[in-house]
Amino acid sequence: MRAFDVVRLAVIGVVVLFATLMLIRVLPAFRFVLLIILVSLLVYIMVYLLRSAKKEKEEARAYAASLPGQIKSRIKQCEEQLERLRNEVKKIGDSMKDLERKLRKGTDVPAAMQQKTESVLQGFRQELDLRQSKISFYQQCINKLQKILRQHELLAAVEQKKEELDTLREQHYEEIADMEQLRWDVEREETYLSTIQDLSTRMQQSSG
């Protein structure tokens, strides 16, 4: 259920509760009836909220099982992996900069220590390249999934518009049939009126 609907129902409940309490003070004789009305209203609100929540869950499950829902779920997974990898790339980059800065500052660093530092930096570079490759892979997957999603949405839109077109065509054929029936009725009435007028003219001529 949307937050706006929940707030609206809460406001209505508070207003009704306040109004009921005021009426109980003003009309104590109707206290029992007003309490029944209040309880009934609260029960109705609770039932409405539960039904709305259940309906939303069912719609969410149905959408998740549909093709668009599955595609969007995969896109989300890829985006989560991209975010993780980019954070790791940043962390690796920060570590490399820190080591390189310390290495530059050390003028009397032993050769063995310098070699070990270079080895660690090389390992970081390999891990960085590996994550860049993964980022490229996941980005390509997202692009392909988005393309499939757009094609599916286009196909769904085409099917919907085709149904609208079929309805318009059916309506057109029905209107053509109605127009033909109307034309036939008008012609029949016209013939009938012409016959009546002709007979009236003849009667006038014969009586004269």
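Mentor: Phe 137 counts as partly exposed, because its relative accessibility is 47% and that class lies between buried (under 20% relative accessible area) and exposed (over 50%), taken with a 1.4 Å probe and protein chains only. This is a predicted model, in which local features need pLDDT of at least 70 and side-chain atom pairs count only at pLDDT 80 or more, while totals for chains, interfaces and linings use all residues. Residues are numbered from 1 along each chain as its sequence is written, and side-chain values use heavy atoms, with hydrogens and water left out.

The structure holds one aromatic pair. Its members are Phe 137 and Tyr 138, whose ring centres are 5.3 Å apart with planes at 70°, so the pair is edge-to-face. Rings of Phe, Tyr and Trp (its six-membered ring) pair if their centres lie within 6.5 Å; planes under 30 degrees apart count as stacked, over 60 as edge-to-face, and the rest as tilted.

The cysteines may be considered next. A disulfide is a pair of cysteine sulfur atoms within 2.5 Å, and by this rule the structure has zero disulfides. Cys 78 takes part in none, for its nearest cysteine sulfur belongs to Cys 141 and is 5.1 Å away. Cys 141 is likewise in no disulfide, the nearest cysteine sulfur being that of Cys 78 at 5.1 Å. Cys 78 is buried, because its relative accessibility is 10%, whereas Cys 141, at 23%, is partly exposed.

The setting is helical: the protein has four helices and zero strands, in the order α-α-α-α along the sequence. Helices (H or I, at least four residues) and strands (E, at least two) are DSSP runs, numbered from the N terminus. Helix H4 covers residues 111–207 and includes Thr 117. Thr 117 is buried, with a relative accessible area of 13%. Its side chain reaches the backbone oxygen of Met 113 at 2.8 Å; a polar contact is a pair of N or O atoms within 3.5 Å, where within protein one must be able to donate a hydrogen and the other to accept it, and residues adjacent in sequence count only if both atoms are side-chain atoms. Leaving aside residues up to four places away in sequence, Thr 117 touches Leu 99 and Leu 103, contact meaning heavy atoms within 4.5 Å.

For the protein as a whole, 13% of the 208 residues count as buried. Among contacts between residues at least 6 apart in sequence, 71% join residues at least 24 apart.
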